[in-house]
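Please keep the sequence and the structure at hand while reading.

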Amino acid sequence: MSKLIVSDLTCQRGYNELFSNLSFELNSGEILKISGANGSGKTSLLKILAGLNSAESGKLSINNNKVGSYDYQSDILYLGHLPALSPELHCKENLDYLTQLNNSNSNQELDNALKNVGLKNFEYEYAANLSAGQKRRVVLSALFVTQAKVWLLDEPFTALDSNGINVIETQITKHCDDGGICILTTHQECNLSGLRILNL
């Protein structure tokens, strides 16, 4: 069982307070969608939860491990809305790098993950040669190999067709059915059952 606890979180960017005194808890199996207008702090919240940015105040923990600790960070998989790929690495190398903190992967696992997102035979294609949709699929293939308990997904369905969206929704559901936690932002309709909504 996993538990993410967010207590009295406050975020300010420049002179703007995006949110304050934000508190919530998520347990194994739960999916949370963060909603709000552009600039409301959705991405900022995900980055704070990922340990990439600091909040002005508040506390974060996963199973009593505080943000910034090795145990906290190894339980987190953060996929931003921009594809964080190195153009000088091929698809399999990029995928291995994305998930190294959470686990080590075999060649077969990496191949299968890329196949699951429709990138069979692209294993050794350099990221510089991929389309926007293909780059997105490389990033999302991490969902098929990571051992992280908490997934933080910023606009995961961007640049995907309806089949691609269905594949990712199915994997998110499987992750949560297996005891994981997922927090996501999206401007698209979700077909995820039991979805909780947090409005910023």
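Which residue stands opposite Asn65 of β5? In this predicted model, Ile62 stands opposite Asn65. The points below place that pair within the sheet as a whole.

**Sheet layout**
- The sheet is open and consists of four strands, ordered β2-β1-β4-β5, with antiparallel pairing.
- The edge positions are held by β2 (16–27) and β5 (65–66); each has a single partner strand, so one side of each is left without a neighbour in the sheet.
- In general, the strands of a sheet pair through backbone hydrogen bonds, in either a parallel or an antiparallel manner.

**β1 and β2**
- These two antiparallel strands are joined by eight bridges.
- Gln12 has Glu17 in β2 as its bridge partner.
- Two residues lie between the strands of this hairpin, in which Gly14 adopts a positive phi near 65 degrees.

**β1 and β4**
- Five bridges connect β1 with β4, again in the antiparallel sense.
- Within β4, Ser57 is the residue opposite Thr10.

**β4 and β5**
- Strand β4 (residues 57–62) runs antiparallel to β5, and two bridges join them.
- Besides the pair of Ile62 and Asn65, Ser61 faces Lys66 of β5.
- The hairpin of β4 and β5 also has two residues between its strands, and Asn63 has a positive phi near 50 degrees there.

Key: Residues are numbered from 1 along each chain as its sequence is written. This is a predicted model: local features need pLDDT of at least 70, side-chain atom pairs count only at pLDDT 80 or more; totals for chains, interfaces and linings use all residues. Side-chain values use heavy atoms; hydrogens and water are left out. Two strands pair if DSSP finds at least two bridges between them.
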